[in-house]
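Subject: A structure for you to explore

Hi there,

Here is the structure I promised to pass on to you. Please open it and keep it beside this email while you read.

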Amino acid sequence: MKLPRNFKGPSLSLVRQNPLPVLGRGGPRWGSPALFGLYRNGFLPENTHIIGYARTKMSHDDYIDRVTAYIKVNDEEKLEQFKKITTYHAGQYDQDESWQSLEKAISDSESERGLDSGKKNRVFYMALPPSVFIPVAQGLKKNVYGKEGVNRLVVEKPFGMDTESSNHLARELGALFSENEVYRIDHYLGKEMVKNIMNLRFANVFFGHIWDRKYIDNVQITFKEPFGTEGRGGYFDDFGIIRDVMQNHLLQVLTLIAMERPISTDAEAIRDEKVKVLKCIPPIELKNALLGQYVGADGKPGYLEDDTLKNKQSLTPTFAALVAFIQNERWEGVPFIMKAGKALNESKVEIRIQFRKVAGNLFAGSARNELVMRIQPKEAVYMKFNNKQPGLSYQTIQTDLDLSYHDRYTDLSIPDAYESLILDVLRNDHSNFVRDDELEAAWKIFTPLLHKIDGKDKQVDVKSYAYGSRGPQELEAFVKSYGYDRPNVKYDWPRQSMSHHANNKL
Ligand code: BG6
């Protein structure tokens, strides 16, 4: 077996021969390509057995068809081997007999694989709706919890609807599994560029020293998807864009941008700093929010036309721009603008840090510096800065230092976020998972605002925007009001033509 880089010695015995039950229907869609990716690259521990578990009865062959339908990599030989370590077990979520039959399937498999006592490790991956979260965790603990090896429980969001429901879940789960056994997945923490934030900040002297309110004017974290909720309206309507991607994915990104330097790269050191900075963010106020819902355009259906939506008068936001402020010495007064929307004009997730303008600037009209970290698509880090226009001209133009991964790194291979996170679970590394106190601190920032929105309070105004647009028309003015200065100079990324400037004076 090829050992992962940074593989921590003591974990080896823990993860050597563990079955990986995958619970719930989400498993095949997200889990299987990631598990196959790990298997194919030699990162799944030898002798692993993967068991899918859900209520739907289906034959082994049907399960294999479902699982492999999501695997796009062309490697027939490996795929055939992977199928041999994958089985399916149907059962209920709330009945002891079902769990006992899963227990029997796992222990039979452990005996067949000749696992020694102490090495019968089990990872339970719960990709389940929140309504069955607790009964499943209880059923597992009571009937399937391994006594001759380690147990790890991976849980997927949503972790509740607000502070109270999340705390309730945490209490129930905490009574069953220790915090060390629980891995709360936020798949954004497995993305390459998100994992890079700490390196960029703390391994470069020039970023470290300008990373505060003195030099940074505003920060924008943007999530744009070009498709609507089609087919997911039932789920989405209860949650809305803020719970779906902001309270978790975007806030995690913000936290990594804003936290202080941890004392080491250990999971707890990182998570301690994350919690600290989250506790410095007061709840987001309604006056610092712009909400929107998409309407049909160019033959594309509006949110309310989604067949899976029950409430046809729903005011659930599918777009939000929210501004958070961090009350500490480093960040006071700097707006962190999180923007997220479905059915927008493009697919893009990025962090944009806009610096303050140069005081007493010699070169009037030059744009502010920006550092952009593009999370997806096409990972890139680029720094927008001002430069003399090449040639006889003395004009200052905006240009960039560009690290586009696909141009820069040959043989680039970026693993899927889930692949990287499942590997972390096997390595017993919690750094990229959400701790219980972190989750509570995160909910506190959003809960009062969410309650106002859920209350269908008349003061909550949800603007319309067209499917395929940049969001509500009010967005540009909203962002500007927090200091973001959209440069009025011509600038294109990643290639720039000098012809724009051809008529400018030399
Ligand atoms: C999920 C949300 O957590 O993240 C989805 O529930 C969203 O609504 C998805 O589409 C985005 O993930 P990614 O990796 O495609 O950016």
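Below is what turned up in it, taken place by place.

Before you start, please keep in mind that this is a predicted model.

**The ligand and its surroundings**

In the side chain of His-187, an N or O atom is 2.8 Å from an oxygen atom of the ligand. Arg-232 also has a polar side-chain atom 2.8 Å from a ligand oxygen. For Lys-342, the distance from a side-chain N or O atom to an oxygen of the ligand is 2.6 Å. How much of the ligand does the protein bury? On its own the ligand would expose 390 Å², and the protein buries 76% of that.

You can see another lysine over a ring at Lys-388, which lies over the face of Tyr-394 at 5.4 Å from the ring centre.

**Two cis peptide bonds**

The peptide bond that runs from Lys-157 to Pro-158 is cis, with omega near 5°. Pro-158 has its place in the loop between β5 (151-156) and α7 (163-174). Gln-376 is joined to Pro-377 by a cis peptide bond too, and there omega is about -10°. Pro-377 belongs to the loop between β12 (370-376) and β13.

That loop between β12 and β13 also holds Lys-378. Although Lys-378 is not a glycine, its phi is positive, at about 55°. Is Lys-378 buried or exposed? With 56% relative accessibility, Lys-378 counts as exposed. Asp-411 is another residue other than glycine with a positive phi, near 50°. You will find Asp-411 in the loop between α12 (405-408) and α13, and it is exposed, with a relative accessible area of 77%.

**Aromatic pairs**

How many aromatic pairs are there? The count comes to 19. One of them is formed by Tyr-183 and Phe-433, an edge-to-face pair with 5.0 Å from centre to centre and 85° between the planes. This pair links distant parts of the chain: Tyr-183 is in strand β6 (residues 182-185), while Phe-433 is in the loop between α13 (417-427) and α14, 250 residues apart. Tyr-183 counts as buried because its relative accessible area is 0%, and Phe-433 is buried at 0% as well.

Phe-319 and Tyr-465 form an edge-to-face pair too, with 5.7 Å between the centres and 65° between the planes. Here the link runs from strand β9 (residues 319-324), which holds Phe-319, to strand β15 (residues 462-466), which holds Tyr-465, 146 residues apart. Phe-319 is buried, with 2% relative accessibility, and Tyr-465 is buried at 2% too. Both rings belong to one aromatic cluster, together with Phe-236, Tyr-294, Tyr-303 and Tyr-467.

**A kinked helix**

Where is the kink in helix α14? Helix α14 (residues 436-454) has a kink of about 40° at Phe-446, shortly before the proline Pro-448.

Ser-393 sits in the loop between β13 (380-388) and β14 (396-404), and it is buried, with a relative accessible area of 3%. A polar atom of the Ser-393 side chain lies 2.8 Å from the backbone nitrogen of Gln-395. Thr-222, in strand β7 (residues 216-224), is buried with a relative accessible area of 7%. The C-alpha atom of Thr-222 is 8.9 Å from that of Ala-321, although the two residues are 99 apart along the chain.

Enjoy looking around!

Best wishes

Conventions
Residues numbered from 1 in each chain as written. Predicted model: local features only at pLDDT ≥ 70, side-chain atom pairs only at ≥ 80, totals over all residues. Heavy atoms only, no water. Bend = angle between axes of the 7 residues up to and from the residue. Helix = DSSP H or I, 4+ residues; strand = E, 2+ residues; numbered from the N terminus. Phe/Tyr/Trp six-rings, centres within 6.5 Å; stacked < 30°, edge-to-face > 60°. Buried < 20%, exposed > 50% of the residue type's maximum accessible area, 1.4 Å probe, protein only. Lys NZ or Arg CZ within 6 Å of the ring centre and 35° of its normal. Polar contact = N/O pair within 3.5 Å; in protein donor to acceptor, adjacent residues only side chain to side chain. Areas by Shrake-Rupley, 256 points an atom, 1.4 Å probe, with all protein chains shown as cover.
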